[in-house]
Amino acid sequence: MLSLVRLIPDQLEYGWKAVGAVVESIPKDVPASLAVCGMGGSGVSGDILRGLLLHTSPIPIEVVKDYTLPGWIKNQAFAVLISYSGDTEEALALWEALTERGVQRLAITSVGKLKELAEAEKVPTVTVPSGIPPRAAVGYLFAPLLRLVDYWNLYPEAEQELTATLELLRSRMSEWEKETEKLAQSLKDHFPIIHSLDQRFAAVAYRLVCQLNENAKVLAHAHVYSEMNHNEIMGFEGGVDENIALIVLDPGDEFTHPRNRKRAEIVDKILPSSIPRLVIHAEGESLLDRFFSLLVKGDLLSVFLAELRGVDPFPVASIDRLKKELS
Ligand code: PA5
């Protein structure tokens with residue numbers, strides 16, 4: 001799994017190129033809204049895109065993770081359906097609903113039923129290399145989304161930023177491995193509560209929860225400033241389990257509202273000092289840099305924690321069992 005995390009920059013580069021010709025067949029007019037549909041390690045790319053464009057996109061971007069489409073998704077919307085395996089039943093149910101509502105779409109997959117349906121319905125499709133866990137394919141699955149919003153001019157700086165992000169990830173990877181290997185040691189035998197200082201980065205906090213769940217096989221919880229100041233901080237008054245550890249995702253001052261920075265300083269005094277605090281700092285210049293530096297550090301942390309706990313990060317037995325019993 002470690003070698004797959006190291007491949008995220010290569011995957012991003014591949015995914016950007018792979019969608020190149022496909023994107024040209026998509027209408028150039030900006031749709032009324034964008035829905036990204038997909039579950040787990042596939043759907044998370046939609047969360048990342050939504051977070052990245054949250055402050056700037058003129059159209060709503062929503063992520064759908066269920067069997068049923070929200071009512072607002074009508075034929076003026078555009079949908080991207082992502083399923084790495086191509087066989088996830090919620091994604092296939094959404095595909096059917098999108099067909100019924102006449103929604104234009106793009107499919108991103110590697111194999112499976114989704115690929116067959118997309119081919120049969122002549123829907124533009126990005127096919128990425130198969131054979132790895134979906135969550136480890138995040139670069140392949142996310143980059144086509146980035147290029148799509150660039151095509152619509154919703155993120156005009158995307159290509160330039162991506163080039164710099166690839167450089168950052170490649171040049172800093174080995175340092176980040178050392179940093180996160182140490183963090184994993186402090187996290188061992190703790191229940192991680194992850195706070196992100198900016199709501200755009202809630203997507204990265206959620207990614208970290210999922211990676212800790214699936215790779216390290218531990219429970220984790222995430223919340224975001226400033227919302228957690230209005231509820232979760234009260235929960236700490238009820239007594240703190242000695243195994244809790246806080247992980248703060250810090251995107252840097254430029255990407256943190258000054259009042260949230262202030263809030264974090266006060267919360268630090270309010271929460272019991274016995275709780276260990278780990279801070280993961282974003283690196284780089286652009287928002288994309290900040291997102292992917294935090295995401296990669298989180299992925300590495302989950303892999304090192306798996307190693308420390310003596311668990312194999314690859315199998316997801318409970319997910320597989322569920323899928324099997326439902327089929
Ligand atoms: O990472 C994983 O293995 C899961 O979270 C899957 O992504 C999830 O079960 C959905 O499957 P797929 O990504 O193939 O649609």
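In which order do the four strands of the open sheet run, and what is the sense of their pairing? The legends below take this predicted model view by view.

**View 1. Four strands form an open sheet with parallel pairing.** The order is β7-β6-β8-β9. The edges are β7 (221-224) and β9 (277-281). Each edge strand pairs on one side only. Between neighbouring strands of this sheet the average turn is 20 degrees, direction ignored.

**View 2. Strand β6 pairs with β7, and helix α9 packs on the sheet.** β6 spans residues 191-196. Four bridges link β6 to β7 in the parallel sense. At one of these positions, Ile194 has Ala222 of β7 as its bridge partner. Helix α9 (residues 202-214) touches β6, β7 and β8 (244-250). The direction of α9 makes about 165 degrees with that of β6.

**View 3. Ala205 is a buried residue of helix α9.** Its relative accessibility is 2%, and the cut-off for buried is under 20%, so Ala205 counts as buried. Which residues does Ala205 contact, once its neighbours within four places in sequence are left aside? They are Ile194, Ser196, Ala222 and Leu249. Two of these contacts, Ile194 and Ala222, are themselves bridge partners. The C-alpha atoms of Ala205 and Leu246 are separated by 12 Å. Along the chain these two residues are 41 residues apart.

**View 4. Strand β1 is covered on both faces.** The strand runs over residues 33-37, and five of its five residues are buried. Ser33, Ala35 and Cys37 lie on one side. Leu34 and Val36 lie on the other. In a regular strand, side chains alternate between the two faces of the sheet.

**View 5. Strand β1 pairs with both β2 and β3.** Both pairings are parallel. Which residue of β2 stands opposite Leu34? It is Ile61. In β3, Leu34 stands opposite Phe78. From β1 the chain passes through helix α4 (residues 40-53) to reach β2. This β-α-β crossover is right-handed.

**View 6. Strand β3 is largely enclosed by the rest of the structure.** Why is β3 described as largely enclosed? Seven of the seven residues of β3 are buried, so the rest of the structure largely encloses the strand. Ala77, Ala79, Leu81 and Ser83 point one way. Phe78, Val80 and Ile82 point the other way. Both groups are buried. Ala77 of β3 stands opposite Ser33, a buried residue of β1.

**View 7. Strands β3 and β4 run parallel, joined by six bridges.** β4 covers residues 104-109. Ile82 stands opposite Ile108 in β4. The chain gets from β3 to β4 through helix α5 (residues 89-100). Is this β-α-β crossover right-handed or left-handed? The crossover is right-handed.

**View 8. Leu92 sits in helix α5.** Is Leu92 buried or exposed? At 19% relative accessibility it falls under the 20% cut-off, so Leu92 counts as buried. Leaving aside neighbours within four places in sequence, Leu92 is in contact with Gly86, Asp87, Lys113, Leu114 and Leu117. The C-alpha atoms of Leu92 and Leu81 are separated by 8.9 Å. These two residues are eleven residues apart along the chain. Leu81 belongs to the buried residues of β3.

**View 9. Domain 1 and domain 2 bury about 1900 Å² between them.** The domain assignment gives domain 1 as 2-156 and domain 2 as 173-309. Their C-alpha centres lie 27 Å apart. How many residues does each domain bring to the contact? Domain 1 gives 19 residues and domain 2 gives 21 residues. Carbon and sulfur atoms give 71% of the buried area. In domain 1, Leu2, Val5 and Arg135 lose the most area to domain 2. Together they account for 30% of what that side buries.

Conventions
Residues numbered from 1 in each chain as written. Predicted model: local features only at pLDDT ≥ 70, side-chain atom pairs only at ≥ 80, totals over all residues. Heavy atoms only, no water. Pairing = 2+ DSSP bridges. Helix = DSSP H or I, 4+ residues; strand = E, 2+ residues; numbered from the N terminus. Axes fitted to C-alpha atoms, helices over the stretch in contact; angles between N-to-C directions. Contact = heavy atoms within 4.5 Å. Buried < 20%, exposed > 50% of the residue type's maximum accessible area, 1.4 Å probe, protein only. Right-handed = clockwise from strand over helix to strand, strands pointing away. Domains from an automatic or database assignment. Buried area = accessible area lost by both parts, 1.4 Å probe.
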